[in-house]
Amino acid sequence: FCYGTSANPTLNDFTVAANSSFSASIALTPNTTYYVRAYAINLGGTSYGNQVIYSAPTVQLASVVTDSVAIPTLIQGPSYWTTFYGQLTNNGGTSNTDWGFCYSTSPNPTVNDIVVAPVGSEGYANNLLLGQTYYVRTYATNASGTVYGNQIVFSTPLATVPVVATYAVTNIQSNVATFNGEVLSDGNDPNGVSNGGFCVSTSPNPTIDNAGIVYSFNTTLPTILAQSVSLLPNTTYYVRAFTSNILGVGYGNEISFTTLP
């Protein structure tokens with residue numbers, strides 16, 4: 001058989017060999033009209049059969065909807081990840097329709113930007129930058145072309161280490177004092193702060209790594225920190241409140257004091 005998209009196809013167009021029952025199968029493009037003729041060749045030359053016109057079934061453009069975007073979650077890196085939700089509402093009349101999500105830091109993202117394949121009705125985006133605005137929309141592609149769903153705009157917070165304040169040390173005695181402080185901000189970590197307390201040393205600028213003493217709360221952290229501790233008499237100490245989130249440890253201002261003899 002010879003076939004093409006113009007009338008009266010010849011051997012110069014597309015050809016496909018017939019099997020023993022004089023039939024053959026070919027792949028066609030939707031929305032296209034084809035012309036086909038049988039042919040035969042012997043020593044006398046080439047002859048063609050009657051022409052048949054066939055219109056491949058029409059494939060419509062698909063349609064998609066962008067439903068929502070989950071609140072971004074901060075992960076180590078640091079970066080955020082989130083979940084997109086959407087639907088392929090119409091495949092255009094063919095199961096051979098590809099769809100998913102595309103997103104970018106510029107409006108109206110396309111399939112030339114970052115593409116996320118769906119898992120059910122969800123798509124997962126990783127490595128989102130801190131403090132960045134993103135644009136996302138669904139897309140669908142079939143033989144008739146690519147369409148896009150509605151656009152959703154979302155932003156990732158500009159996360160930092162937590163902000164902590166160290167307040168004046170109270171109840172100073174020869175071997176006891178009470179440390180006071182407050183967690184002022186969790187640094188925009190959606191998971192909040194994970195622990196907190198005070199690092200104490202006889203040298204300035206104590207940290208959780210070099211302090212001689214670290215008093216830590218490992219349970220649910222209150223906003224106000226306060227803890228009475230045992231100390232050596234007649235000794236100068238330096239204390240800083242601390243707490244941490246996924247980005248690291250935040251320290252408060254330093255307070256120095258001297259225990260009584």
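Of the chain's 261 residues, 36% count as buried in this predicted model. The secondary structure consists of 20 strands and 0 helices. The radius of gyration is 35 Å, whereas a compact globule of 261 residues would have one near 18 Å.

**Overall dimensions and surface**

- Along the principal axes, the C-alpha atoms fill a box of roughly 125 × 35 × 25 Å.
- The chain exposes about 13,700 Å², and 50% of this area comes from carbon and sulfur atoms.
- Among contacts between residues at least 6 apart in sequence, 61% join residues at least 24 apart.

**Nonpolar cores**

- In soluble globular proteins, nonpolar side chains tend to be buried together.
- The largest nonpolar core has 18 residues, and those touching the most other members are Phe84, Phe101, Tyr103, Leu128, Val136, Ala140 and Phe154.
- Two or more residues of this core come from each of the strands β7 (79-90), β8 (98-104), β10 (122-128), β11 (133-142) and β12 (145-155).
- Another core lies apart from the largest one; it has 15 residues, including Val200, Tyr215, Leu225 and Ile255.
- Leaving aside residues up to four places away in sequence, Val136 touches Thr66, Val69, Phe84, Phe101, Cys102, Tyr103, Pro109, Asn150, Gln151, Ile152 and Phe154.

**A four-stranded sheet**

- Four strands form an open sheet in the order β2-β1-β3-β4, and their pairing is antiparallel.
- The edges of this sheet are β2 (14-15) and β4 (45-55), each of which pairs on one side only.
- Strand β1 (residues 2-4) runs antiparallel to strand β3 (residues 33-42), and 3 bridges join the two.
- Cys2 has Arg37, in β3, as its bridge partner.

- Most residues other than glycine have a negative phi.
- Asn8 is not a glycine, yet its phi is positive, near 55°.
- Asn8 sits in the loop between β1 and β2.
- Asn8 has 45% relative accessibility and therefore counts as partly exposed, since that class lies between the 20% limit for buried and the 50% limit for exposed.
- Asn171 is also not a glycine and has a positive phi, of about 55°.
- The loop that holds Asn171 runs between β13 (163-170) and β14 (176-185).
- The relative accessibility of Asn171 is 39%, so Asn171 counts as partly exposed.

Terms used
Residues numbered from 1 in each chain as written. Predicted model: local features only at pLDDT ≥ 70, side-chain atom pairs only at ≥ 80, totals over all residues. Heavy atoms only, no water. Core = buried A, V, L, I, M, F, W, Y, C linked by side-chain atoms within 4.5 Å. Buried < 20%, exposed > 50% of the residue type's maximum accessible area, 1.4 Å probe, protein only. Contact = heavy atoms within 4.5 Å. Pairing = 2+ DSSP bridges. Rg over C-alpha atoms; globule rule 2.2 N^0.38 Å. Areas by Shrake-Rupley, 256 points an atom, 1.4 Å probe, with all protein chains shown as cover.
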